[in-house]
4 protein chains.
Amino acid sequence: MSGSTLGKLFCVTNFGESHGPAIGAVVDGCPPGLALCEADIQLELDRRRPGTSRHVTQRQEADQVEILSGVYQGLTTGTPIALLIRNTDARSKDYSAIADTFRPGHADYTYWRKFGERDPRGGGRSSARLTAPSVAAGAIAKKWLAQTHGIVIRGYMSQLGPIAIPFESWDEVANNPFYAPSAAIVPELEAFMDQLRRDGDSIGARIEVVAENPPAGWGEPLYDRLDADIAHVMMGLNAVKGVSIGAGFDCITQRGSEHGDEITPQGFLSNNAGGVLGGISSGQAITVSVAIKPTSSIRIERQSINRAGDPVVVQTLGRHDPCVGIRATPIVEALLAIVLMDHALRFRAQCGTNGPAAAPL
Amino acid sequence: MSGSTLGKLFCVTNFGESHGPAIGAVVDGCPPGLALCEADIQLELDRRRPGTSRHVTQRQEADQVEILSGVYQGLTTGTPIALLIRNTDARSKDYSAIADTFRPGHADYTYWRKFGERDPRGGGRSSARLTAPSVAAGAIAKKWLAQTHGIVIRGYMSQLGPIAIPFESWDEVANNPFYAPSAAIVPELEAFMDQLRRDGDSIGARIEVVAENPPAGWGEPLYDRLDADIAHVMMGLNAVKGVSIGAGFDCITQRGSEHGDEITPQGFLSNNAGGVLGGISSGQAITVSVAIKPTSSIRIERQSINRAGDPVVVQTLGRHDPCVGIRATPIVEALLAIVLMDHALRFRAQCGTNGPAAAPL
Amino acid sequence: MSGSTLGKLFCVTNFGESHGPAIGAVVDGCPPGLALCEADIQLELDRRRPGTSRHVTQRQEADQVEILSGVYQGLTTGTPIALLIRNTDARSKDYSAIADTFRPGHADYTYWRKFGERDPRGGGRSSARLTAPSVAAGAIAKKWLAQTHGIVIRGYMSQLGPIAIPFESWDEVANNPFYAPSAAIVPELEAFMDQLRRDGDSIGARIEVVAENPPAGWGEPLYDRLDADIAHVMMGLNAVKGVSIGAGFDCITQRGSEHGDEITPQGFLSNNAGGVLGGISSGQAITVSVAIKPTSSIRIERQSINRAGDPVVVQTLGRHDPCVGIRATPIVEALLAIVLMDHALRFRAQCGTNGPAAAPL
Amino acid sequence: MSGSTLGKLFCVTNFGESHGPAIGAVVDGCPPGLALCEADIQLELDRRRPGTSRHVTQRQEADQVEILSGVYQGLTTGTPIALLIRNTDARSKDYSAIADTFRPGHADYTYWRKFGERDPRGGGRSSARLTAPSVAAGAIAKKWLAQTHGIVIRGYMSQLGPIAIPFESWDEVANNPFYAPSAAIVPELEAFMDQLRRDGDSIGARIEVVAENPPAGWGEPLYDRLDADIAHVMMGLNAVKGVSIGAGFDCITQRGSEHGDEITPQGFLSNNAGGVLGGISSGQAITVSVAIKPTSSIRIERQSINRAGDPVVVQTLGRHDPCVGIRATPIVEALLAIVLMDHALRFRAQCGTNGPAAAPL
């Protein structure tokens, strides 16, 4: 029950620190026979990579992945797939000043309370850099889900601080550094971020992620419901403070006669459920929303304490993302893929490859 | 990796169906030496019990718990504690009409797609009745957390449909059937519910739960963060569509200079984090919010299909909660207790009973 | 990761103490659609039941099982199957004399060292009575394995103390209280046991168990090899001190040219492997052997200490099995069934219902 | 529940294939603050390394370990420790001839039946080379057990084929390539092995491993008994066909009055239990014995089939150990260390660092 492992049948064990020799993951449980090469994974890593626009951290990391095991002659063998990413642009001296103090809103303090020892360089294990192994593992899940079930997993930013981003088209998402589904809004986002950097501050964001075309029947009645496992993986992502499925918090004010999605022989008439009923997928698109807090590493001076408990003023000058939400879209896609693949395997363990039911929808 | 088990060291395995012979839980991993009797558990079950006001289901269940194992001479022995609750007021005939159709917004459809076979009586395993074993197990966790760490876990309803409920006092919560922390609002809540029942409709709600006085250091960096496991257990509760910690979705519009909780030698100056930083408890109160959807079993007629895929009109006439949120408060308290106890044990596995750090706060 | 749970996909959680209100198990992960009733389970429990011959404990327990959940209209629903067995013939006063002392060779001492608190009545949780829930759960696995794969699991006693029991016929096994596969040897076994009881002593035994007709491909390369999981479950049975597969300890003196089972288009020419190669089933019969120690509860006086550390003389007068091996055969069958079913489900999770390979054998 | 992970709290996830880019392990759950460097691990890897005498495989592998994470400034940080060992002397052309056939007694056949795809080079994942990560992880456990509890784990060869090796002294074990605890027997062992190599055959062996000075109280009543988990890890080692604890299979002919270890205020008078009673450590030395089969890769010609099911003659000419038992001693030590450390952490999760009991022994 390694606390650093995600999934019960498609198992992703994450290791590494931001400025250590390397980061990576071991992916166990992938079915044999999946065509897989490093380029499949690199594609997704490159979407998450830092230093690709002025709005994100300027750390330059190639994030080059090496497959160490589990693939032979271009096919997965059913054995653990170890993925290695070397850290190359670690400037640890940037962090020496804060090794002894705790950034407000940061894991500095809690790691120290839990472990005593910690690697402070670049945030050590609490760095958002550790999302790269999740993205790498998720690339495998994404490919398997697409090939075996035709599932498409896509995300976008729906809000940047005060700016709501209208959904116009999936096609726009890849055309801007924000993963915004609207071209028209991009200048406003850029202006907002430019001012924010001048202020030395950071901002929150909201990301939506959708899995289209899932089969019905994935998930356990309780406690390992599909939505529960989605919430687990999303809230487990750095900086996430809220997760919702389907109508989410809007369900509070809905009546049952509005919220319950009616069914016809042609399909569901709405999707307030977000594709999950009673913890099990309904076959509708699975829709998830996450709230991402503003980064705690900011230039603005803040009150804190040091290890001795004395008051100090903290100001963080290293290379940081002023909005971690900007690079979050490929990560939440990867996390959703991991959960879905895990439940795909759990489904066929209990119900067989084809499941028990002949169903009208 | 039983899908029906919650927790990794404090393990709660849930069993049963709404109208089967019995429901219950096996709690494994409880430390030895805890004073425990059936009354400790009954106290919490009675808070969740149906039939106690006109605003909830009129099903009459004593929910009398029997401890079958793991306790000797009033003390836990460190072996599994089996908890049994017999079903007594099951009127299965109420459900015969809908055995072949699927209520919109209900697990009827997805269970059928997953399992083929299902027990339709009273919703079977998807019934909110299955929260009783969680409450029973949570009562053990609550007692242990209070005795060993002085932790107090309390919840309340903060919104009922359109009505926001102001927090006035913890003392009011037990004085009304809604778990509302305000006496003044109760007449408005009652009027709203009375009209809702006349309409044959249902409504959503929002519940807050707080754990006061937790130690710092509980939780794993990733993936089993304390907030991730809280999100898992909350989203795993029937009808929950959203979970947030601390500032929650409000963090989207916050700046880092506002969100990050400053620290002084006297303690934190705010609690936007909700007591969790980097997945690990900070020692501040842990604050969680959940969105609960309106019940899908309503008297209003709705479009659906039957097993053959033909269109049908569904109307649900059994005894149902028009707002499952009303009885949810003791349940979310219990779930939070289970997660915290699990992480308490995980902490001492890795870091020892007292942990590694001497800390200023 | 409940320590009281066996299996990762077919999960058996065991609870209870020998003289508590009840013992039982929750079986999670059983596929839906299996025809199952209490009689299916009772059949196996009756084979393990005490008091059925003069050679075993005279405790009279009906061991009547009640299915509390997970079965509807005679079919499993895919949800947890809770199995309950009430304790009825507990004579706790028999044990009062030894509550404060430790029987040599018994768990009395180690439970006290671990838990402080323990239920001493009838050995509490360390009693062989707790094998009944395993047998009940194993009955479900046996039925599923037989129906879905035609697997037959059978065991027998191959040695009782100094007496080697020749294998003559499976048909004889059910004809004597020893599960001996030879009619001719039974008088010698009976005479040996009668003398042993007069001596107030106990004796060891060896049990063989065979699973015929398993498919090839079950098991993980490492660490959860099929043989590893078989060893785990067998060594986890009360009183077992040794486990072997196939040639077992005889492999020490074998040469590779003798041990390695040659293969022909018609099949394997021998079965030194015991049906497992590289941790994965080969399709040959799986053959397991276990060594069971003599009971520690004997009438002969022995040196020990009490809780205060003072020397005492211990003599055990309750109703005990002078050879727990005699009733062990249905138990080891059940345990093997549980492991095989778990790996059957794990196989289809990773490789699909039919697996990837078209194979010549 | 990755099948490639050992342990529930001290979790070792193994990856790699014999001739892939690298092998390794991720160790999760190690407490923070343990002094650890690569030399600590290299020491144990060098004991297992191939090519160090003429009696083992002549493959030359430096087996140089790199710590990728989880250690900062010479101390563990409580986060996952990733261990990497590059493969350097892989001569994959040696194996091309057998890619399509199945060595009798080898995992070739079963991997093919399970996965379809497999990496045949050097045995791929079924190679004994994959024990190196276990040894590396075990080195961490050994060091922690020694430092926190003064536990010493040592093993030796007690039998090589027909030659029983008397125990003379622990001091002799490191003085010969067999890990034999007797200097006098070494010439006989060498002569036997020299003849065996000339014959092109292989041979079995028996290894003993002892953990001295464990505390009482480690292990779960059922099913995760300490002895069960030891059996699991030992039978999970390549080529092991039998495992026993304490008196092992000799218990079959013992009477209870002989087997049950008497207790005095000065301690136990014997150790037939092998240090485990009722699945829980008694405080006596834990003694384990394993039977290791002869290697299946031999020069002698043997009957087999190919993928098409046609009969073939197989002869294996690569570099192989004629007795894998010779290098097994450091491996079984490592495996025992991993299990003990896992249960050490489980104990303190449930019972606290110091446990509940004040005990006379």
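Predicted model: local features only at pLDDT ≥ 70, side-chain atom pairs only at ≥ 80, totals over all residues.
Local features need pLDDT of at least 70 and side-chain atom pairs count only at pLDDT 80 or more, while totals for chains, interfaces and linings use all residues. Residues are numbered from 1 along each chain as its sequence is written, chains are lettered from A in the order in which they are written, and side-chain values use heavy atoms, with hydrogens and water left out.

Q: How many residues of chain A are in contact with chain B?
A: Let's take contact as heavy atoms within 4.5 Å. On chain B, 118 residues take part, and on chain A the number is 118.

Q: What area do chain A and chain B bury between them?
A: Buried area is the accessible area (1.4 Å probe) that two parts lose on being put together, summed over both. Carbon and sulfur atoms carry 62% of it, and the total is about 9500 Å².

Q: Which three residues supply 10% of the area that chain A buries against chain B?
A: This trio supplies more than any other three residues. They are Lys114(A), Tyr223(A) and Lys241(A).

Q: Which residue of chain B forms a salt bridge with Asp199(A)?
A: A salt bridge here is a side-chain nitrogen of Lys or Arg within 4 Å of a carboxyl oxygen of Asp or Glu. The count between the two chains is seven. For Asp199(A), the closest N and O atoms are 3.0 Å apart, and the partner is Arg255(B).
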